[in-house]
Amino acid sequence: MTDTEAKANFSANVRRLLAGQGHSIYWLMVATGDTINRTYSAVNGRTAATAGLLMRVASALEVSVEDLLAEPPKTGKKKSHRKRGKVA
């Protein structure tokens, strides 16, 4: 896994977990004790999360570090292949 892939996986997984648990990035900042800039930048994939931040985020979301860095599950959204016709 490249650093770019790790950042993308972390970002997607944290966003999915926050949404699923009904939390915000602000909640995560408070739960981890990190600054909003550090938390926001890592969650949005702008910077790589440090080892410490990975551990704190995993603890706050009650998952493992491996869960945060794993390839995110597929969303299941499929493109519609219906042909669009004229509406009468």
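The crossing of helix 2 and helix 4 is right-handed, a crossing being called right-handed if the near helix is turned clockwise from the far one by less than a right angle, and left-handed if anticlockwise. The model is a predicted one, in which local features need pLDDT of at least 70 and side-chain atom pairs count only at pLDDT 80 or more, whereas totals for chains, interfaces and linings use all residues. Residues are numbered from 1 along each chain as its sequence is written, and side-chain values use heavy atoms, with hydrogens and water left out.

The axes of helix 2 and helix 4 come within 9 Å and cross at roughly 110°; axes are lines fitted to C-alpha atoms, for helices over the stretch in contact, and angles run from 0 to 180 degrees between N-to-C directions. Helix 2 and helix 4 are therefore roughly perpendicular to each other, a term applied to angles of 65 to 115 degrees. In this pairing, Trp27, Leu28, Ala31 and Thr32 of helix 2 meet Arg56, Val57, Ala60 and Leu61 of helix 4, contact meaning heavy atoms within 4.5 Å. The residues of the contact comprise 6 nonpolar, 1 polar and 1 charged; Ala, Val, Leu, Ile, Met, Phe, Trp, Tyr, Cys and Pro count as nonpolar, Asp, Glu, Lys and Arg as charged, and the others, Gly among them, as polar.

The chain contains 5 helices and 0 strands, where helices (H or I, at least four residues) and strands (E, at least two) are DSSP runs numbered from the N terminus. Its elements accordingly read α-α-α-α-α from the N terminus on. Of the 88 residues of the chain, 27% count as buried, that is, under 20% relative accessible area with a 1.4 Å probe and protein chains only. Among contacts between residues at least 6 apart in sequence, 59% join residues at least 24 apart.

Helix 1 spans residues 3-21 and has 19 residues. From its first C-alpha to its last, helix 1 reaches 27 Å, close to the 27 Å expected at 1.5 Å a residue, the expected span being 1.5 Å times one less than the number of residues. Ala6, Asn9, Phe10, Ser11, Asn13, Val14, Leu17 and Leu18 are buried in helix 1. The cover over these buried residues includes helix 2 (25-32), helix 3 (36-43), helix 4 (51-61) and helix 5 (65-69). Just after helix 1, Gly22 adopts a positive phi of about 75°.

A positive phi, near 55°, also occurs at Glu62, a residue other than glycine. Glu62 is located in the loop between helix 4 and helix 5 and, at 73% relative accessibility, counts as exposed (over 50%).

How values were computed:
Parallel < 35°, antiparallel > 145°, perpendicular 65-115°, else oblique.
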